[in-house]
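Please keep the sequence and the coordinates at hand while reading.

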Amino acid sequence: METVLYTPRLGYYSGGAAKFGAAGDFVTAPEISPLFGETLAQYAAHILKPIKQGSILELGAGSGKLAVDLLHTLAQLDCLPQHYYILDLSADLQQRQRTTIEQRIPHLASRVSWLSALPEQFEGLILANEVLDAMPVHLAVWQNGSIAERGVLWEDQGLAWQDRILAEGELFDTAWQLPPTDRPSPLPYLSEISLANRHFIRSLATLLQRGTILLIDYGFGQSEYYHPQRHQGTLMCHYRHHAHDDPFFLPGLQDITSHVDFSAIAQTALDSGLQLTGYTTQTHFLINCGITDLLARTPADQPDDYLPQVSQVQRLISPAEMGELFKIIVLSKNIDGDTAAYGFMRGDLRRLL
């Protein structure tokens, strides 16, 4: 997964093909509507105001659309960050982000800079939209009380699966603590374990001195993630807006993702000294941060302007669209709890631990 997604010049995220929007393979929330970024800016403003010299660090900035909408709105709120940092592994995407920012908000472009690695220290808001799902995962197979790792080999001029029994190591120790271990069965139970996600959260906990980490992605808590009926896992591939489950199809030309185990994210964060500020659906977070108020700025008696925005908001918050599957988790350190919890004031707050 790491090879086909991130190999320089050949991996999916390193190549030059379009990935986002109608011409790409999938559509992310910032591409659907500027109201997504404008709503997140309301949250960002609450975090930045009490932090002098606070900045924003966006991880995996995609097309740069979210950065544009955030900075544009924060300027209107008179709450611009000291710096807007972007960390993206793809040189191709970095160039697209620069072009987007310079064309859309040239007067704010000087505040944006690109990093090649995580900073040693940071204060402000760390933001990652659909980043965790693209981090490489291990495939684990539980069967008859044993745990195997499912790997890839080259066989008969093609890629094929091979299972190898685990007996020790970080993956074995992690898999042994998960629910499938408690229900041994002669039938195989396949799922994903993201050690990369856990390492990533530990790194963020180390560098964050004061502020919050806002993570947006699709996934579940542990009990739902490892539900008995989800015995084929969640690994999915995306190519030209078609979703399927064959990662051997067009290696390097399609996206490969896995749903996020948010319980693992929360537990790793707590073990690393962060606070679990809130966890809820995208629906409730966006509504709490004022997306319907922003929509109401456009008069309903102007249907040419109003109706497209209604359709866009519907895609973002409807349970049948992105609203229920996508979750928001906020982790914090050394910041007032009420300030960090803006966005979790009402609605369905999920339990993770």
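Val 141 has Leu 190, in strand S8, as its bridge partner. This contact belongs to the antiparallel pairing of strand S5 (residues 138–143) with S8 (residues 189–193), which are joined by five bridges; two strands count as paired if DSSP finds at least two bridges between them. Helices (H or I, at least four residues) and strands (E, at least two) are DSSP runs, numbered from the N terminus. The model is predicted, so local features need pLDDT of at least 70 and side-chain atom pairs count only at pLDDT 80 or more, whereas totals for chains, interfaces and linings use all residues. Residues are numbered from 1 along each chain as its sequence is written, and side-chain values use heavy atoms, with hydrogens and water left out.

S5 is also joined by five bridges to strand S6 (residues 146–155), again in antiparallel orientation. Within this pairing, Leu 139 stands opposite Arg 150 of S6. The two strands form a hairpin with two residues between them, and Asn 144 in the turn has a positive phi of about 55 degrees.

Aromatic contacts come next. Rings of Phe, Tyr and Trp (its six-membered ring) pair if their centres lie within 6.5 Å; planes under 30 degrees apart count as stacked, over 60 as edge-to-face and the rest as tilted. The structure holds 13 aromatic pairs. In one of them, Phe 220 and Tyr 225 have ring centres 6.4 Å apart and planes at 65 degrees, so this pair is edge-to-face. Both residues are buried, where buried means under 20% relative accessible area, exposed over 50% and partly exposed in between (1.4 Å probe, protein chains only). Ring pairs link Phe 220 and Tyr 225 with Trp 142, Tyr 189 and Tyr 226 into a cluster.

The structure holds zero disulfides, a disulfide being a pair of cysteine sulfur atoms within 2.5 Å. For Cys 289, the nearest cysteine sulfur, that of Cys 79, is 14 Å away. Cys 289 is buried, with a relative accessible area of 2%. Cys 237 is buried as well, with a value of 0%.

Where is there space within the model? On a 1 Å grid over the protein atoms alone, a cavity is a set of points where a 1.4 Å probe fits but cannot get out, and a pocket is an open set with protein on both sides within 12 Å along at least five of seven lines; lining residues have an atom within 4 Å of a point. Grid points are joined across faces, edges and corners, and a volume is the space filled by probe spheres set on the points.

The largest pocket contains about 1100 Å³ of space. Its lining comprises 46 residues, with Tyr 13, Glu 130, Val 131, Asp 133 and Ala 134 closest to the centre. Helix H7 gives the most to this lining, with four residues. The lining divides into 25 nonpolar, 11 polar and 10 charged residues; Ala, Val, Leu, Ile, Met, Phe, Trp, Tyr, Cys and Pro count as nonpolar, Asp, Glu, Lys and Arg as charged, and the others, Gly among them, as polar.

The second largest pocket has a volume of about 390 Å³. Met 1, Val 137, Val 152, Trp 161 and Phe 248 are the closest to its centre among its 18 lining residues. S6 gives the most to this lining, with four residues.

The structure holds one cavity of 30 Å³ or more. About 110 Å³ of space lies in the largest cavity, and Ser 194, Asn 197, His 259, Val 260 and Asp 261 lie nearest its centre.
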